[in-house]
Amino acid sequence: MLSSSRSRGPRLTCRPRPPESFVLRGVRLFDPSLGLDQAGDLSIEQGRIAAVGEALSASAGAETVDHLAGCAVFPGFVDMHAHLRTPGQEYKEDLESAGRAAAAGGFVVVAGMANTSPAIDSGPLATWVLDQALESADVLVGQVGAVSRGLRGEELAELRELADAGVVAFSDDGRPIGDADLLLHALRYLRGTGRRVLLHLEERSLACDGAMHEGRWSARLGLRGIPSAAESGPLARDLELLRYTCREAAELGIEPVPLHVQHLSSAEAVRLVREAKAQGLPLTAEVTPHHLLLTDERVRSFDQSLKMNPPLRAESDRQVLVQGLVDGVIDCVATDHAPHAPHEKEVPFEEAPFGTVGLETAFAALYGGLVAPGRLGLGRLVSALSAAPSRCLGIEPPSLAVGAPAHFCVVDLGETWRVGVGDLEGKSRNSAFLGESVQGRVLMTVVDGSRRYVRGERHV
Ligand SMILES: [Zn+2]
């Protein structure tokens, strides 16, 4: 069954608030997609960017905000990979707490993965989550639809119905798509929907019950390792399927469905992405802050917040990931925000669930770790956190252009801080960056022209 009929576009929802009118004085306006980097004022009216310039006069009734002078204003960040735990695991996170964590990190859009309980494998379930976000989330929530029913990898989920409900993409994240025929069929059925398939790459027969990267440190610590081939092996297979479906689509004169690689972790996988992109395949990729900044050596602390899937890998892998982000082979930064309750994480390392939270710290960890030392350009980081993931999800990128919806964040780039549990706004505390020194503090996040997060104030 090949279909080329157009589905409805992605649906993003958040709790509506009355738009505010205010002018930010003396800020640094920074939007790489506009080539904008200048000092000036920013005027917000009726939910939109009303003016950008010097010495703007506030309209009647508009508030003037002077105390953020000198701070940077960025188009709001977009996280295309988060686990919002709703429905079914609201003790770890819910849409309200995830929205709070996201806003505290400068995110204006967050896309929730489908591995909830139940999994989001039908249109009504996706609609239910997006309607919940309309009640409780302070940032825009998008939903990812499952590729397979119940994420079991046996038969396709209700793909067309999910697309019509407005999911932003499709993924069985949390689990790999082991069955090549299932992925092949998904790549055919999704033609014409404008959605891509996001890949969690994991060869389970290699990963087994590994707890960390297989290498020198797993041997030293006596922990079972997950070889990097568990990621690059299935990627090679899936790129062959992509190549095949591209040829098929070309013969039919229709657009192929792109693939997107989630949470790249290994040098081998980056090389495969680089080669496939050079060959013109429709492929995008993301990397997490923890894979860009931390390595397997850290696991010697046996801190369960450092246990994630894919695992933190070797320094040589990390260097290749950073280079991939610098030169654009890796398109996006995504957090893979994965909250877990203390009673789940505070068990022996081998038994702890995979995952770290990441929404609150993503920008500051990367600014402090890569931009401030001169390893990564600020423009590249902001693009990877905003315009690039927007393109992958098929949504309008947040922008500081006059007339655009006011979705932005304000950051004090000079503030260096040590991440503490008090900095985590979500329900869970399993952050790989606890105790780390980071730089750049989000002071305000604005969605649809209303202030959803102001540091030091709690918005209810
Ligand atoms: Zn995953």
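**Reading a predicted model with a zinc site**

Mentor: Aspartate 173 counts as buried, because its relative accessibility is 3%, where buried means under 20% relative accessible area, exposed over 50% and partly exposed in between, with a 1.4 Å probe and protein chains only. This is a predicted model, in which local features need pLDDT of at least 70 and side-chain atom pairs count only at pLDDT 80 or more, while totals for chains, interfaces and linings use all residues. Residues are numbered from 1 along each chain as its sequence is written, and side-chain values use heavy atoms, with hydrogens and water left out.

Trainee: Which residues coordinate the zinc ion?

Mentor: Donors are N, O and S atoms within 2.8 Å of the metal (3.2 Å for Na, K and Ca), and since water is not among the atoms, sites may look incomplete. Here the zinc ion is held by Asp173 through OD, His200 through ND1 and His263 through NE2, at 1.9 to 2.2 Å. Aspartate 173 sits in the loop between strand E9 (169-171) and helix H4 (180-189), and histidine 200 in the loop between strand E10 (197-199) and helix H5 (204-207), so the pair ties together parts that are 27 residues apart in sequence. Histidine 200 is buried too, with a relative accessible area of 6%.

Trainee: How many helices and strands does the protein have?

Mentor: Helices (H or I, at least four residues) and strands (E, at least two) are DSSP runs, numbered from the N terminus. By that rule the protein has 14 helices and 18 strands.

Trainee: In what order do the strands of the open sheet lie?

Mentor: Strands of a sheet pair through backbone hydrogen bonds, either parallel or antiparallel. Two strands count as paired if DSSP finds at least two bridges between them. In this open sheet of eight strands the order is E6-E7-E8-E9-E10-E13-E14-E15, with parallel pairing. Strand E6 (77-82) and strand E15 (332-333) are the edge strands, each pairing on one side only. Strands E7 (residues 107-112) and E8 (residues 140-145) run parallel and are joined by four bridges, and valine 109 has leucine 140 in E8 as its bridge partner.

Trainee: Which residues touch the most other members of the largest nonpolar core?

Mentor: A nonpolar core is a set of buried Ala, Val, Leu, Ile, Met, Phe, Trp, Tyr and Cys residues joined through side-chain atoms within 4.5 Å. In the largest one, of 119 residues, they are Phe74, Val197, Leu264, Leu292, Phe363 and Leu378. Helix H12 (residues 362-371) gives the largest share of this core, eight residues.
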